[in-house]
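The sequence and the structure come next.

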Amino acid sequence: MNNRKGRITIPTDESYVEGTKKIAELWGADAVRDCDGVKLPKNPKEIADKVYNVYFVDRGNHEWAKNNPDEWQHMFVMTPFITATESTVSVHLMDTFFDQQVKPDFSEEAVKHMEVMDRTTGQVWNEWEVDAENGNVIIKNAVPFHQYTVAFLMISLWHPVHMYNYITNNWDEPYHIMYDPYYPKTRKFIRENLQRWCDANPESNVVRFTTFLYMFTLVYNQFGKERNVDWFGYNMAVSPRMLDDFEKEYGYKMRAEYLVDQGYYNQTHRIPTKEYKDWMQFIQNFVTETVKELVEITHKNGKEAMMFLGDCWIGAEIFGVRYKELGLDALVGSVGGGVTVRMLSDVEGVRYKEGRFLPYFFPDTFFDGNEDNAVAEINNNWITARRAMMRNPLDRIGFGGYLELAAKFPKFINRVADICDEFRYIYDTVKTQTPKNFAKVAVLNAWGKVRSWMCNMTAHELWYQQSYSYQGIYEALSGLPVEVSFINFDDVKNGRLDEFDVVLNAGDAGTAWSGGEFWADEEIVTAVRKFVYNGGGFIGVGEPTALQRNGKFFQLSDVLGVDKECGISLGEDKHNLTAHAGHFIMDGIESNVDYGEDKKNIFALPEANVIDIVFSERFKRNYSVGEVKMATNEYGKGRSFYITGLPYSAQNAKLLYRAILWTAGKEDMDKKSYCTNPLTEAHFYGDRYAITNNTSEKQTTTFYDMNGVAQELILKPYEIKWLKD
C-alpha cells in the first residue's frame, strides 16, 4: 500500500518536539494537538500545518473561578432512601457524596428548589427545615417506617474529568472549578476570555473546544468513587437561575423530582418524560445561542472551531434539531468501536469528523513490559472501527496523551503507521463511492434520531452486563451493508414506517429501548401490525414490545410469534416445542449461537417457527417446557424474527444480516457481495469490492460477487483485498 500523507492528528508537547517530528513523518500526520496537562511547543507549525489547541469554556481560569464563587456551576442530586424510625429524621446531605467535588447550596435561591419526598406514598413532604450550619435537613412529623429522600442543589467544586486526569497522572495543580455561563458575568467573561486566548495563541488554527458549557452527569461518592454516571445526563446543567427562568418560559415549575427522577436521574435508559424533554430543550436552546457566539469569535480570528464529543457536551446534541446552527467546522470524539465511528461519521452540520483512537497515551497503558498489550489494544480498536469505516468513514483519525510514552514502544509506533496508511486508502476509496446497501432498517425506541448509535449506552461505549447483549446489535449494524435509521414512536404515528424494509425493537421491558407504555397506544401497535402484514419485516431482541397488559407480555406477540411466561399464565399449555433446522437465516451459522445474558421463559405461539429452544434437565414432559431462543413468524405478507440477545461477534453480525434479508423478503440478495466465512466481510462500491479479514489470523472464505459468481480467497491477517468488479 502506498504511503500517503494527511488526515492524521498526533499529540505533542513542548518537551518532545524532535521526537514528535520523527513520528509525524512516519505516520504522515498533518495536525498536532495538545492534551490536558501539557503545552504545545512554541513553533508547532514546524511539525504540522494544522495546530489544535485545547480550550476550556467553563473551566481552567483559576483566578476567575476564585473571584466569582456566586457563579459556580450546580447539579441536582438526591440522598439515598432513608427509613424513618422516629417522627424526626436528621439527614446529613453529604453522607454519600465526595466533599472535594461538591458541597450543598444553602442559599435562599437554592433552598426554595429543595424537595423532600415520602417515597412510601410517592408524595411531596412539606414538613422540614434546613440546618445549614451542620449540613442537614430535618424532616419533621415523619411517619415511622416510611422512607424519605431529599433532593437538593449542590455547588460543583471540581470538574470530574480534571479530577480523573489529576488522580491518574499524579498532578499537582489547582482544581478546575466549573463556572456557569448562564450567569451574566460569566457569559460576558467567556466571550472576552476566548478573544484573549485567540490573541495569545496565534499559532493555533483549530480551537478544540473541550467541550462547551455543561458536563454530563458524573458524581462521586464519599470514597471518591463513581456514584452516578450518565454520558447523556442533564443533572449537571442546572442552577437556581435556570430553574426560575424555565418556569417563566414554560409556565410550570421544574420540580426537583422531575430531574432526580426517584433517584434514576433520567438516565438515558429511562423513557423520557415531557418535563425532562422540556428541560433538555431549554438547555439546548441556551447552549446553542451561547456556542454560536463563541464560534463567531473563533471564525473572526481566522480559526476553525472543533467540538470534542465528551466532557461538557451536554446541550450540544449532535443529532439534535439545532446542532447545525452551531456553525462548527469539526467534530472529534473517542472511538471505542464501530458504533462510535458511526456516531461521529453520521453527524451532519460539520465539515469534517475525526476519531481519537485507543489506547490513550497515558501511563496506565504505556509502562515497561506492556508493549504487546498496547499493540493488541490498537489492533482491536482499529479492526472493530474499520468495519464501520467501510460503510461511512471518518474524515480524520488521531491519538491523544503523551507521545513520549508511546515512543518507547517501537512495535506500537510502527503498527500505527500501517493503520494510518490503511485509513487514508479506505477514505480515498470509500468516500468517493456510495457503498451498496441491501435493505433499509429502522431502529425503533423512545428516543429515536436524537440517540442515533447511542442505544443502550451508559458511559460512552463501556461494557455493562445488562446491556452488552443489546449493544452488539448496533456494533453489528455499524458495518453491515444496510442503511440504518433511528426512529421514535411519534415517527410511527406520523407514518414513517413505509420508508423502511425492517423495523427493529430491542431492549428490556420498561426501558426507553423497548418502549414500555408506548406499547399501550393502540395507534402505535396498529401501525406496526399493518406495516408487517403488508410486507414489512420486524426484528425483536430481548423483550421487544414488552408491557404486561391485556393478557400478554409482548404486545406484538402475534407479529413475533413468541411471548414471555411471567408466571401468571402457567395454566395455558404450550405445545410448540420442536426446533426446525435449515432456515435461511441459519445458513452458514454454527449451532452454538451466543445469546449473551439471554432471556428466560420465552415460549412460541402455535404458528411460529422455532429455530432454537433449550430444555431443563430437571423435568421431562411433552408440553409447557423449554425456552425459545430464536424463532421466526410469517404475518400476512410480512415476516418477523425473534432472538433473546445478540452480543457482538462475527457470527452474530452475519446472523443479524441474514435475519434482515429474510424479514425484508430479500433472500434473492443472498450471495451477492457476500462472504461465507463470518470472520470476513464484503463491501461493494460500484466498481470494486473490498473483502476484509477482521482477525489476526489467516482466513479462507468463499466470496460471491454481485452476479453470484463465487471464488475462493485467502486473506492475510487484517488484510483488505480490493477486487475490481
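Strand β4 runs antiparallel to strand β12 (residues 147-156), and five bridges join the two. Helices (H or I, at least four residues) and strands (E, at least two) are DSSP runs, numbered from the N terminus, and two strands pair if DSSP finds at least two bridges between them. Buried stands for a relative accessible area under 20%, exposed for over 50%, and partly exposed for values in between (1.4 Å probe, protein chains only). His-74, Phe-76 and Met-78 point one way from β4, Met-75 and Val-77 point the other way, and all are buried.

The model is predicted: local features need pLDDT of at least 70, side-chain atom pairs count only at pLDDT 80 or more, and totals for chains, interfaces and linings use all residues. Residues are numbered from 1 along each chain as its sequence is written, and side-chain values use heavy atoms, with hydrogens and water left out.

**The sheet with β32**

Three strands form an open sheet in the order β32-β33-β36, with antiparallel pairing. Its edge strands, each pairing on one side only, are β32 and β36 (720-724). On average, neighbouring strands of this sheet are turned by 20° against each other, direction ignored. Helix α12 (residues 410-430) packs on the sheet and touches β33 and β36, and the helix direction makes about 30° with that of β36. Contact means heavy atoms within 4.5 Å; axes are lines fitted to C-alpha atoms, for helices over the stretch in contact, and angles run from 0 to 180 degrees between N-to-C directions.

Five bridges link β32 with strand β33 (residues 688-693) in the antiparallel sense. Ala-682 stands opposite Ile-691 in β33. The hairpin of β32 and β33 has three residues between the strands, and in it Gly-686 takes a positive phi near 90°. Although β32 is an edge strand, five of its five residues are buried, so β32 is largely enclosed by the rest of the structure. Thr-680, Ala-682 and Phe-684 point one way from β32, while Glu-681 and His-683 point the other way.

**Cavities and a pocket**

Three cavities of 30 Å³ or more are present in the structure. On a 1 Å grid over the protein atoms alone, a cavity is a set of points where a 1.4 Å probe fits but cannot get out, and a pocket is an open set with protein on both sides within 12 Å along at least five of seven lines; lining residues have an atom within 4 Å of a point. Grid points are joined across faces, edges and corners, and a volume is the space filled by probe spheres set on the points. In the table, Ala, Val, Leu, Ile, Met, Phe, Trp, Tyr, Cys and Pro count as nonpolar, Asp, Glu, Lys and Arg as charged, and the others, Gly among them, as polar.

| Space | Volume | Lining by class |
|---|---|---|
| Largest cavity | about 170 Å³ | nine nonpolar, five polar, two charged residues |
| Second largest cavity | about 50 Å³ | three nonpolar, four polar, two charged residues |
| Second largest pocket | about 1200 Å³ | 21 nonpolar, ten polar, twelve charged residues |

The largest cavity has about 170 Å³ of space. It is lined by 16 residues, with Tyr-657, Tyr-674, Thr-680, Glu-681 and Ala-682 the closest to its centre. At least two lining residues of the largest cavity come from each of α17 (650-663), β31 (674-675) and β32 (680-684).

Residues that line the second largest cavity include Gln-284, Thr-288, Glu-317, Arg-322 and Tyr-323.

The second largest pocket has 43 lining residues, and Phe-319, Lys-449, Val-450, Ser-452 and Phe-486 lie nearest its centre. Two or more residues of this lining come from each of α8 (274-300), β21 (483-487) and α14 (489-493). The largest share, five residues, is that of β21.

**Two single residues**

Thr-340 lies in helix α9 (residues 338-345) and counts as buried, because its relative accessibility is 1%. Leaving out residues up to four places away in sequence, Thr-340 touches Ser-334, Val-335, Met-457, His-460 and Glu-461.

Glu-127 is found in the loop between β9 (123-124) and β10 (128-131). With a relative accessible area of 37%, Glu-127 is partly exposed. Glu-127 touches Ile-138, Ile-139, Lys-140 and Asn-141, again not counting residues up to four places away in sequence. The C-alpha atoms of Glu-127 and Ile-138 are 8.6 Å apart, and the two residues are eleven apart in sequence.
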